[in-house]
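Please work through the exercises below with the sequence and the model at hand.

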Amino acid sequence: MPRGPRRPLWAWVLLLLPLLLAGALGHRSPAGPGEAAEEPGSGQAWPALQDLQERLKAAVALSRRYWALFSCRVWPETCGQDGKSPLAWSLPLLGQQYLDILTTWYCSFQDCCDGGDCRISNNLTGLQSDLSVRLHGQHLARELVLTTVRGYLALPRPDKALVLSFHGWSGTGKNFVAGMLAENLYRDGLRSDCVEVFVTMLHFPHPKLVDLYKEQLLDQVRKTQERCRQPLFVFDEAEKLHPALLEALGSHLERQAPENHRAEPPRTIFLFLCNLGGNAINEVVLELLQAGRPREEVTMEHLEPRLQAELVASTDSGFGHSRLVKENLIDLFVPFLPLEHRHVRLCARDAFRSRGLPHSEETLDEIARTMVYVPKEEQRFSSQGCKSIAQRISYFLP
């Protein structure tokens with residue numbers, strides 16, 4: 001696990017100086033039996049200097065104790081290597097409080113925990129709650145993502161990266177779920193240095209520079225895997241990725257032979273967010289709704305054949321013809337269904353609540369009606385999903 005550089009003892013003495021002086025004063029021993037206290041004018045040279053020397057000796061001894069305790073908290077794997085157990089030592093209450101404050105301050109910007117990598121939280125309970133409460137109209141995505149991620153993280157020794165491909169129209173929740181994964185699997189969410197997000201037209205806009213992009217991408221993947229044992233890579237607009245970049249990523253998605261049977265293998269997650277396949281998904285859902293069946297009865301058996309057929313038939317994207325699809329390197333295709341009027345209302349309600357703003361049922365209906373719905377004859381699905389809802393509520397504020 002990556003650690004910050006170890007500070008020399010003098011640096012920590014400077015940081016701990018206030019508590020060291022306080023601790024030194026608290027640890028001075030009174031004169032013992034048979035030791036007469038010094039009297040003014042007794043002829044002893046510079047008694048004040050001797051007293052200062054004793055205080056400094058006590059401070060140095062105490063600083064070593066605090067250093068041992070502090071290093072045991074921050075780097076537990078080194079604790080007791082000298083045969084002693086500094087955690088068993090007692091400290092005055094004031095010193096213990098200072099130690100707690102210093103440890104909290106240090107760990108606020110360094111990666112130190114009782115065990116493991118504290119950048120990684122893997123809060124599956126929180127993920128389940130977010131998917132259930134905040135994600136609307138996506139019963140399949142909710143179940144598939146939670147079950148697959150939970151199963152992968154429970155593997156004792158995974159031999160390949162987990163690769164998920166999200167498919168559906170814009171605004172149906174693909175980026176939203178990717179954000180939920182980052183928020184619940186990592187302490188700092190999308191800001192974590194274990195998480196890398198690539199937007200195709202932002203990071204790889206010029207086809208002529210594909211060789212440079214390939215080198216930069218592979219270097220970034222390698223560096224992230226080196227500094228984090230559980231990296232997450234998100235590729236937005238994956239259908240626009242250059243075939244050479246998809247080919248280069250293939251080697252990171254294949255099964256890997258374990259290099260060291262004793263070391264814990266890395267757990268890498270790749271997410272590909274793709275609008276491709278959205279038309280096929282919408283057609284299947286529309287057919288079932290027209291047949292009088294609720295959308296909650298839509299299953300992967302209904303969707304997967306049509307989804308993969310659209311991927312392979314697409315001539316505007318190389319995604320369906322890449323080795324990711326042809327060699328079955330993608331573990332799961334996750335469909336995101338088109339959103340209806342009732343789902344848009346829920347998105348509007350969440351947008352008001354997230355900003356602490358009052359709202360009425362009439363306001364939610366009015367916002368939902370401002371969206372464009374398709375097909376033209378039935379107007380069942382929002383053409384933009386819940387996209388732009390957060391911005392639209394500003395027009396309905398009093």
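The model is predicted, so local features need pLDDT of at least 70, side-chain atom pairs count only at pLDDT 80 or more, and totals for chains, interfaces and linings use all residues. Residues are numbered from 1 along each chain as its sequence is written, and side-chain values use heavy atoms, with hydrogens and water left out.

**Exercise 1.** State how many helices and strands the chain has, and what share of its residues is buried.

*Solution.* Begin with the secondary structure: there are 16 helices and seven strands. Helices (H or I, at least four residues) and strands (E, at least two) are DSSP runs, numbered from the N terminus. Next, consider burial: 43% of the 398 residues count as buried. Buried means under 20% relative accessible area, exposed over 50%, and partly exposed in between (1.4 Å probe, protein chains only).

**Exercise 2.** Determine the order of the strands in the five-stranded open sheet, and identify the strands at its edges.

*Solution.* First, recall that two strands pair if DSSP finds at least two bridges between them. The order is S2-S3-S4-S1-S5, with parallel pairing. S2 and S5 (332–335) each have a single partner strand, so one side of each is left without a neighbour in the sheet. From one strand to the next, the twist averages 15 degrees.

Then follow individual pairs. Five bridges connect S2 (residues 195–199) with S3, where Val 195 stands opposite Leu 232. Four bridges link S3 to S4 (residues 269–274), and here Phe 235 faces Phe 272 as its opposite residue. S1 (residues 162–167) pairs with S4 over six bridges.

**Exercise 3.** Explain why strand S3 is described as largely enclosed.

*Solution.* Count the buried residues: in S3 (residues 232–236), five of the five are buried, so the rest of the structure largely encloses this strand. Next, examine its faces. In a regular strand, side chains alternate between the two faces of the sheet. On one side of S3 lie Leu 232, Val 234 and Asp 236, on the other Phe 233 and Phe 235, and all are buried.

**Exercise 4.** Decide whether Glu 196 is buried or exposed, and name the partner of its side chain in a polar contact.

*Solution.* Locate Glu 196 in strand S2. Its relative accessibility is 15%, so Glu 196 counts as buried. The side chain of Glu 196 makes a polar contact with that of Gln 220 at 3.3 Å. Such a contact is a pair of N or O atoms within 3.5 Å; within protein, one must be able to donate a hydrogen and the other to accept it, and residues adjacent in sequence count only if both atoms are side-chain atoms.

Definitions and conventions
Axes fitted to C-alpha atoms, helices over the stretch in contact; angles between N-to-C directions.
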